[in-house]
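Here's a walk through one protein model, written for someone who would rather look at the structure than at tables. Have a look at the display first, then read on.

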Amino acid sequence: MLDRETLEQAAGEALNRPRYAMFWDDRLFTTHGAAFHWAERGDDLMEESNYATALNLIRAQADDGRPDTKISDKQVIDGTSSHWAVGSMRTIYVQVYEDTVMRCRDCDEVAAWAVSRKKHGRRRFLCELHKETWDHETEGYGLHALEPIAYRPAFTPAFIEATELALSLRDYPILDESDYTEREWDLYMEALKQAVEHAQSEYTLVDSCADDDVIAELYYQDDDTTHRQVWCRADDVDWEVVAEEYREARDRYFTERATVVYRWNVLGFNPDQLDLFV
Ligand SMILES: [Zn+2]
């Protein structure tokens with residue numbers, strides 16, 4: 001559980017509006033604070049994974065116990081903005097305080113104090129700034145007043161979750177290890193696929209599409225292909241090595257096929273029984 005002080009500090013940081021910036025939605029930096037960023041066109045897989053994981057967890061927390069996404073749709077904004085340095089920037093904005101919190105009578109900010117001048121009089125809610133004004137007036141006019149009570153507005157569960165996630169990143173850089181690994185693997189397989197397609201382009205005029213598919217399958221299934229056992233990241237994939245290994249798989253395929261055709265045509269075996277020989 002996070003303490004009040006930590007959450008208040010996080011709220012201050014999340015709602016701190018960047019200067020000289022324009023926002024397309026007036027909830028941003030008023031009710032909804034910025035919690036996570038991801039430079040979309042960058043290639044930081046860890047940042048991407050953390051962003052997606054955080055978005056899921058924060059939304060789940062907002063909808064906790066509900067079958068629909070009514071609350072998360074309202075409280076969690078997955079925003080995109082263009083950024084001069086990184087091109088496209090995704091930001092998760094989270095509603096910081098519950099809808100029901102009291103606001104300052106004089107400026108509509110979230111209240112920090114409840115004050116009253118009479119014992120059974122009406123309580124008024126004020127922000128930090130307007131409470132100072134109220135203090136001055138009370139003192140200046142020599143008015144009787146009750147001791148002001150610090151007001152503690154309730155944070156949304158979504159914001160508490162966002163803060164917990166952000167803090168956990170200080171201890172460990174990945175929010176969800178399996179999500180990260182899965183993304184890394186997908187990217188690796190995509191890179192490998194591209195390398196194989198590149199290798200196939202050399203035989204476009206001689207091999208049929210069906211040949212291509214079978215040879216690629218042979219290549220992917222070949223566990224003796226040492227490089228595939230050492231590689232695990234997209235950056236590891238070396239097109240020349242793949243081209244070489246693809247060529248070997250292709251040679252095996254055509255040698256085998258030639259043998260089959262030879263047996264069938266020359267020795268007269270029934271092709272249905274060929275698996276006995278291959
Ligand atoms: Zn105020």
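Let's start with Asp108, which sits in the loop between β3 and β4 (helices are DSSP runs of H or I with at least four residues, strands are runs of E with at least two, and both are numbered from the N terminus). Asp108 has a positive phi, near 75°, and is a residue other than glycine. Most residues other than glycine have a negative phi. Phe29 is another case: not a glycine, yet its phi is positive at about 65°. You'll find Phe29 in the loop between α1 and β1. With 10% relative accessibility, Phe29 counts as buried (under 20% relative accessible area is buried, over 50% exposed and in between partly exposed, using a 1.4 Å probe and protein chains only).

A word on the source: this is a predicted model, where local features need pLDDT of at least 70, side-chain atom pairs count only at pLDDT 80 or more, and totals for chains, interfaces and linings use all residues. Residues are numbered from 1 along each chain as its sequence is written, and side-chain values use heavy atoms, with hydrogens and water left out.

## How the chain is divided

There's a domain 1 (4–96 + 155–175), a domain 2 (113–150) and a domain 3 (179–276), with bounds from an automatic or database domain assignment. The centres of domain 1 and domain 3, taken over C-alpha atoms, are separated by 44 Å. Even so, seven residues of domain 1 are in contact with five residues of domain 3 (contact means heavy atoms within 4.5 Å).

## Strands and a helix residue

β1 (32–39) pairs with β3 in the antiparallel sense over seven bridges (two strands pair if DSSP finds at least two bridges between them). In that pairing, His32 stands opposite Gln95 in β3. Six of the eight residues of β1 are buried, so this strand is largely enclosed by the rest of the structure.

There's also an open sheet of three strands, antiparallel and ordered β5-β4-β6. β5 (124–126) and β6 (149–150) are at the edges with a single partner strand each, so one side of each has no neighbour in the sheet. β4 (residues 113–115) and β5 share three bridges, and Ala114 has Phe125 in β5 as its bridge partner.

Over in helix α4 is Thr138. Thr138 is buried at 9% relative accessible area and touches Arg117, Leu143 and Ala145, leaving aside residues up to four places away in sequence.

The largest pocket has a volume of about 480 Å³. A pocket here is an open set of points on a 1 Å grid over the protein atoms alone, where a 1.4 Å probe fits and protein lies on both sides within 12 Å along at least five of seven lines; lining residues have an atom within 4 Å of a point. Points are joined across faces, edges and corners, and the volume is the space filled by probe spheres set on them. Of its 22 lining residues, Tyr97, Glu109, Val110, Ala111 and Ala112 lie nearest the centre. α1 gives the most to this lining, with four residues. Domain 1 and domain 2 both give residues to the lining, so the largest pocket lies between them.

The second largest pocket comes in at about 370 Å³. It is lined by 17 residues, with Pro18, Ala21, Phe23, Ser81 and His83 nearest its centre. α1, β1, β2 (76–83) and β3 (87–95) each supply at least two of the lining residues.
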